[in-house]
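Let's take a walk through this one together. Have the sequence and the model side by side as you read.

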Amino acid sequence: MKRKQVLFLLLFLLFILQGTVFFWLTPSSWQLQIYPNFIFVAILFVSVYYHRHTGLVLGLIFGMIHDVIYYGEMIGTYSFAMGVSAYIMGLLFQMPRAPLPIMMTVVLLGSLLFDSTLFGIYKVFSLSQSSYDWALLHHMLPNLLVHFVFALIIYVPLRKQLEIIAKSKRNQTS
């Protein structure tokens, strides 16, 4: 039970870091193009290594926190996009011991699905005037690169923690 609380605190810490420290480290010319979502990358790990329903709930919770704190054009877009993307990636790639190439594929596809979902929602409600091609080249691909590098950095420690949590869950049920 303690490990789940530590995981939740880690996710909250990532949320704080992505909104504060990252902008100090990036050049000012990139700040309008790159907006990494480290919390979403960690939620993708939870969806694959632990359970997709947990990823859905964490995506909804942290997406709503993101919507409220970084109020955008609409409330609920990040919550919906994070939750659905994490659930779909967990459904497609549910593996307790997914190797590195598969997990990096999940991160790339999940990030693309997340950003495309946000773009689609904003386009449907006429909040975005840009084309998908422009958004893909100027926002989505740079974010994919940052998410990929971050996923490589956290792969081993986060995977080990999630495997321990999943193992303790299996031991409690047996």
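Before we look at any packing, a word on how it is described: a helix axis here is a line fitted to the C-alpha atoms over the stretch in contact, and angles run from 0 to 180 degrees between N-to-C directions. Keep in mind, too, that this is a predicted model.

With that in hand, go to helix α3 (residues 38-49) and helix α5 (residues 77-92). Their axes lie 8 Å apart, and the two helices pack at an angle of about 35 degrees. The crossing of α3 past α5 is right-handed. On the α3 side, the contact is made by Ile39, Phe40, Ile43, Leu44, Ser47 and Val48, while α5 brings in Met82, Ser85, Ala86, Met89 and Gly90.

Now step back to Asn37, which sits in the loop between α2 and α3.

Next, turn to the surface. Leu10, Leu13, Leu17, Val21, Trp24 and Leu25 form a nonpolar patch there, and together they have about 620 Å² of accessible area. The elements giving two or more residues to this patch are α1 (2-19) and α2 (21-25). Pick out Leu10, in helix α1: Leu10 counts as partly exposed because its relative accessibility is 36%, and partly exposed covers the range between the buried limit of 20% and the exposed limit of 50%.

Definitions and conventions
Residues are numbered from 1 along each chain as its sequence is written. This is a predicted model: local features need pLDDT of at least 70, side-chain atom pairs count only at pLDDT 80 or more; totals for chains, interfaces and linings use all residues. Side-chain values use heavy atoms; hydrogens and water are left out. Patches are made of residues with over 30% relative accessible area and no salt bridge: like charges are joined within 9 Å, nonpolar side chains (Val, Leu, Ile, Met, Phe, Trp, Tyr) within 5 Å. Accessible areas come from the Shrake-Rupley method with a 1.4 Å probe; for residues, only the protein chains shown count as cover. A salt bridge is a side-chain nitrogen of Lys or Arg within 4 Å of a carboxyl oxygen of Asp or Glu. Helices (H or I, at least four residues) and strands (E, at least two) are DSSP runs, numbered from the N terminus. Buried means under 20% relative accessible area, exposed over 50%, partly exposed in between (1.4 Å probe, protein chains only). A crossing is left-handed if the near helix is turned anticlockwise from the far one by less than a right angle, and right-handed if clockwise. Contact means heavy atoms within 4.5 Å.
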